[in-house]
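Dear colleague,

I am passing on a structure for you to look over, and my notes on it follow below. Please read them with the model open beside you.

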Amino acid sequence: MKLLIVEDDPLVGPAMKAVLEKAGYTVVGPLRDASKAMRLAERERPDLALVDVLLAGGEDGVSLSRRLRAELGVPSVLVTGYDHHAEEVRDTALGFLHKPFAPQALLDAVGVVGEIMGGLRPSFVPRELELFPPSLSLHA
């Protein structure tokens, strides 16, 4: 699975990339702003985007997530350390991955979303991952 990481924290993005690559995922990014992320996604066509809600450069992660889905068909998981209301973003993302999270929670979250995208219903969801109910039935 090819993953796009969009994260403006200069420590978190590279750490996510290292964890995911070590587990065998192909990772593009991390990028810190939405316009660069969109250009890279157009070129690389990732299977899934992990998008921080708050980004550098103006456009936020929710808007980017909507554009990725609408223009490229790329689903996303929003990554956030803030308490967001799921109702506001159900139309754009498969769920939230809440910060802070341990490396294993990141791997588990990507694995669960991969299962859902592959048409499976996961038996385990890490507590850091909040799935939106429609994502559970998208392909099941």
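**Helices, sheet and an aromatic pair**

The buried residues of α2 are covered by elements that include β1, β2 and α3 (61-72), where contact means heavy atoms within 4.5 Å, and helices (H or I, at least four residues) and strands (E, at least two) are DSSP runs numbered from the N terminus. Please bear in mind that this is a predicted model, in which local features need pLDDT of at least 70 and side-chain atom pairs count only at pLDDT 80 or more, while totals for chains, interfaces and linings use all residues. Residues are numbered from 1 along each chain as its sequence is written, and side-chain values use heavy atoms, with hydrogens and water left out.

In α2 itself, Ala 34, Ala 37, Met 38, Leu 40 and Ala 41 are buried, that is, under 20% relative accessible area, with exposed being over 50% and partly exposed in between (1.4 Å probe, protein chains only). Seen down the axis of α2, these buried residues fall within an arc of 165°, so they line one face of the helix; the arc is that of the directions from the helix axis to the C-beta atoms. Helix α2 (residues 34-44) lies across β1 and β2 and runs at about 160° to β2, with axes being lines fitted to C-alpha atoms, for helices over the stretch in contact, and angles running from 0 to 180 degrees between N-to-C directions. Just after α2, Arg 45 takes a positive phi of about 50°.

In α3, the residues Gly 61, Val 62, Leu 64, Ser 65, Leu 68 and Leu 72 are buried, and they cover an arc of only 165° around the axis, which puts them on the same side of α3. The elements that cover them include β1, α2, β3 and β4 (76-80). Helix α1 (residues 12-22), for its part, lies across β1 (2-6), β2 and β3 (48-52), and runs at about 180° to β2.

The strands form an open sheet of 6, in the order β2-β1-β3-β4-β5-β6 and with mixed pairing, where two strands pair if DSSP finds at least two bridges between them. Its edge strands are β2 (26-31) and β6, each of which pairs on one side only, and the twist averages 20° from one strand to the next. Strands β5 and β6 run antiparallel and are joined by 3 bridges; the bridge partner of Phe 96 in β6 is Glu 130.

Within the sheet, Val 77 lies in strand β4 and, at 3% relative accessibility, counts as buried. Leaving aside residues up to four places away in sequence, Val 77 touches several residues, among them Leu 50, Phe 96, Val 113 and Leu 129. Asp 52, found in strand β3, is also buried, with a relative accessible area of 6%.

A search of the whole structure finds 1 aromatic pair. The rings of Phe 96 and Phe 132 have centres 5.5 Å apart and planes at 85°, so the pair is edge-to-face (rings of Phe, Tyr and Trp, the last by its six-membered ring, pair if their centres lie within 6.5 Å; planes under 30 degrees apart count as stacked, over 60 as edge-to-face and the rest as tilted). The pair links distant parts of the chain, 36 residues apart, with Phe 96 in strand β5 (residues 95-98) and Phe 132 in the loop between β6 (129-131) and α5 (133-137). Both Phe 96 and Phe 132 are buried.
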